Amino acid sequence: MGEKVVAGRFDLSDRQHYREKLRKCLAGLERLLVEKRFDRPKNLMGVEIELNLAGPDGMPKMLNGQVLERIASRDFQTELAMFNLEVNIAPHRLGGRVFDRLAEELRTSLAYADRKAGEVDAGIVMIGILPTLDPDDLVSANLSEADRYTLLNDQIVAARGEDFRLDIEGVEHLVRTSKSIAPEAACTSVQLHLQVTPARFADVWNAAQVASAAQIAVGANSPFLFGHELWRESRPPLFLQATDTRPPELQAQGVRPRIWFGERWISSAYDLFEENLRFFPPLLPICDEEDPLEVLDAGGVPRLAELVLHNGTVYRWNRPVYDIADGVAHLRVENRVLPAGPTVTDVIANAAFYYGLVRALAEEARPVWTRLPFQAAEANFDAACRHGIDARFVWPRRGRYGGTGEVDAVILVRDELLPLASAGLDAWGVEAADRDLYLGVIEERCRRRVNGASWQAATFHRALEQGLGREAALAATTRRYAELMHGGEPVHTWPVGLPEPVPLG
């Protein structure tokens, strides 16, 4: 959502010209790959976290402009709605005590932002979906004051041609309509970036797709939306439905959604960029003056601006990224599956698990994706979103008979994936203290069958048992969550329930 674009009207020739430029960009990318013009391995990773603003009562605060003005740091930016912020952590080299350094940077940044938000009676809440959001909070009037959000909303609404329909059946059933993409702003996520060479890209992306289900199972943190208890990780269905450019007829025809897990394992980064052009009409046909092929002919590195912009409007859960740093092109895998929170320790534990697991899976002699149908990986992702820590996965069997079988997610993570993640972190050169501390958090979540979503749901139901109404219970759960989040102890240690009886509201 963060592309810097300028609002304006598009005519038919704009789209045709943009499509031609996209083809030139794709040809330019192909030449860069063939000519091996990409950066050498640097083991660089980066983290972005989307945040919520809420008041002392747990209710959302539409104040990101005022808070950002007070923060006055380029590390913090707007996000889609006025109760959202995003914090970006500078790239780090994987190795040593990188995760402890990341944790300290995040704690410092978030504490500073929270203090500044406090000046306007707000605070930072790091959570997948703020439980106290109301449909009236998620309307176009509450989109952030930036042209790019208005323009993106207008283009998606125009492509859709009718109201968006939210229909999510989980523990409870939510059905609503929206005239804008504003409900998508409820989804606050963690994005984990990993710079990779073209030769390693396909293996890393395939490994990230395999890992996604396990990431969600142990990291789910979004069980509530609009007063309804839905999936343990409700962001994926909400994101899909709140920005779906396809009316029901196109959905029935099997037209691919722009929020997409994908449909096949890949053999090159080129596969993903080419699919994005072939399957998805441009939303923002804004053309750059650069001719990428002329830049290449002159020995330069093209920006591929149209390709980058178009790629940013196809929301794969593991997205390919083309970028330039210090005049040299590079590729990244952007992992977008995780919700924000609950604590900095939890976020860093999720990151350590991901980076270690992806490294190990990508380097296996007989990769898991050669033994697991892509549709099974997608089904695992869906099961993890629905059931969280209690999910069951289809997974390749060990031993001579092969094939696949069903396994509890926590057993798979504890017995097979955590040892792989540990070996992967060793391969990155991460120190044992960091490795053991943060993977130990994941192990404890599995042992206790606790993550952010299970804690939220258990505490909400405990509040109902104390006699609170639904809205009061959700608000009390949110306030308790924020208190424990700022306390900093990982979520598996949090006591379930409210600290003391809350007066009936």
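Here is a short chat about a pocket, a helix pair and one glutamine in a predicted model.

Q: Let's start with the second largest pocket. How much space lies in there?
A: About 350 Å³, computed on the predicted model.

Q: Which residues are the closest to its centre?
A: Of the 18 residues in the lining, those are Trp231, Pro236, Pro237, Leu240 and Asp382.

Q: And which elements give two or more residues to that lining?
A: Strand 5 (164-169), helix 6 (235-242), strand 10 (259-260) and helix 12 (374-387). Helix 12 has the largest share, with five residues.

Q: What does the lining look like by class?
A: There are 12 nonpolar residues, five charged and one polar.

Q: What is Gln241 in contact with, leaving aside neighbours within four places in sequence?
A: Phe164, Arg165, Leu166, Asp167 and Ile168.

Q: New topic: at what angle do helix 11 and helix 13 pack?
A: Helix 11 (residues 344-362) and helix 13 (residues 409-428) pack at about 85°, and their axes are 7 Å apart. The two are therefore roughly perpendicular to each other.

Q: Which residues make the contact?
A: Helix 11 brings Ala352, Phe353, Tyr355, Gly356, Leu357, Arg359, Ala360 and Leu361. From helix 13 come Val413, Leu417, Leu418, Leu420, Ala421, Gly424, Leu425, Ala427 and Trp428.

Q: How do the residues of that contact divide by class?
A: Into 14 nonpolar, two polar and one charged.

Conventions
Residues are numbered from 1 along each chain as its sequence is written. This is a predicted model: local features need pLDDT of at least 70, side-chain atom pairs count only at pLDDT 80 or more; totals for chains, interfaces and linings use all residues. Side-chain values use heavy atoms; hydrogens and water are left out. On a 1 Å grid over the protein atoms alone, a cavity is a set of points where a 1.4 Å probe fits but cannot get out, and a pocket is an open set with protein on both sides within 12 Å along at least five of seven lines; lining residues have an atom within 4 Å of a point. Grid points are joined across faces, edges and corners, and a volume is the space filled by probe spheres set on the points. Helices (H or I, at least four residues) and strands (E, at least two) are DSSP runs, numbered from the N terminus. Ala, Val, Leu, Ile, Met, Phe, Trp, Tyr, Cys and Pro count as nonpolar, Asp, Glu, Lys and Arg as charged, and the others, Gly among them, as polar. Axes are lines fitted to C-alpha atoms, for helices over the stretch in contact, and angles run from 0 to 180 degrees between N-to-C directions. Angles under 35 degrees count as roughly parallel, over 145 as roughly antiparallel, 65 to 115 as roughly perpendicular and the rest as oblique. Contact means heavy atoms within 4.5 Å.
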